[in-house]
Amino acid sequence: ENPQLSSLDKTDLAFSEGSQSLYKPAPLEEVLNVLSSEKVNGFSIDFNYRLFQLSERAAMDASYVQELDGILKEARTIENHLKQKRESLKQRFTVIANTL
């Protein structure tokens, strides 16, 4: 034995040597399957989250489209009203000009 090893180091060394016989490493394929399934799960969660974000954005975009449609409808109504007012003013000015 190495006299420089402390009693704690000797215990650790003995434990690790004894536990090696109890430890059975998992086959590489099994480890890879677990890792790849975790990766797939991570991708699936990420994909679902991004899909959720896109659907929220689509809903927001739809509400913006509805709001813009409302604004355009109001603008067309105002435009038509102003055109009618202009025609009315033209007719009044024509009447005034004819009487002068």
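This is a predicted model: local features need pLDDT of at least 70, side-chain atom pairs count only at pLDDT 80 or more; totals for chains, interfaces and linings use all residues.
A residue is called buried when its relative accessible area is under 20%, exposed when it is over 50%, and partly exposed in between.

The chain as a whole comes first. Its pLDDT averages 78, and 70% of the residues score at least 70. Over residues 4–19, however, the pLDDT is below 50, and this stretch has four contacts in the model beyond near neighbours in sequence. The secondary structure consists of two helices and zero strands. Of the 100 residues in the chain, 0% are buried. The accessible surface of the chain amounts to about 9700 Å², and carbon and sulfur atoms account for 61% of that surface.

Helix 2 spans residues 28–99, and Thr99 belongs to this helix. Thr99 counts as exposed because its relative accessibility is 62%, and the cut-off for that class is over 50%. The side chain of Thr99 also has a polar atom that lies 2.8 Å from the backbone oxygen of Ile96.

Attention now turns to charged side chains. The structure holds three salt bridges. In one of them, the side chains of Arg50 and Asp46 meet with a distance of 3.1 Å from N to O. These two residues are four residues apart in helix 2, so about one helical turn separates Arg50 from Asp46. Asp46 has a relative accessible area of 35% and is therefore partly exposed.

Another salt bridge joins Glu79 and Lys83, whose closest N and O atoms are 3.9 Å apart. Because Glu79 and Lys83 are four residues apart in helix 2, they are separated by about one helical turn. Glu79 is partly exposed, with a relative accessible area of 41%, and Lys83 is likewise partly exposed, with a value of 41%.

There is also a salt bridge between Glu87 and Lys90, in which the closest N and O atoms are 3.7 Å apart. Glu87 counts as partly exposed at 38% relative accessibility, and Lys90 is partly exposed with a relative accessible area of 47%.

Conventions:
Residues are numbered from 1 along each chain as its sequence is written. Side-chain values use heavy atoms; hydrogens and water are left out. pLDDT is the predictor's confidence in each residue, from 0 to 100. Contact means heavy atoms within 4.5 Å. Buried means under 20% relative accessible area, exposed over 50%, partly exposed in between (1.4 Å probe, protein chains only). Accessible areas come from the Shrake-Rupley method with a 1.4 Å probe; for residues, only the protein chains shown count as cover. A polar contact is a pair of N or O atoms within 3.5 Å; within protein, one must be able to donate a hydrogen and the other to accept it, and residues adjacent in sequence count only if both atoms are side-chain atoms. A salt bridge is a side-chain nitrogen of Lys or Arg within 4 Å of a carboxyl oxygen of Asp or Glu.
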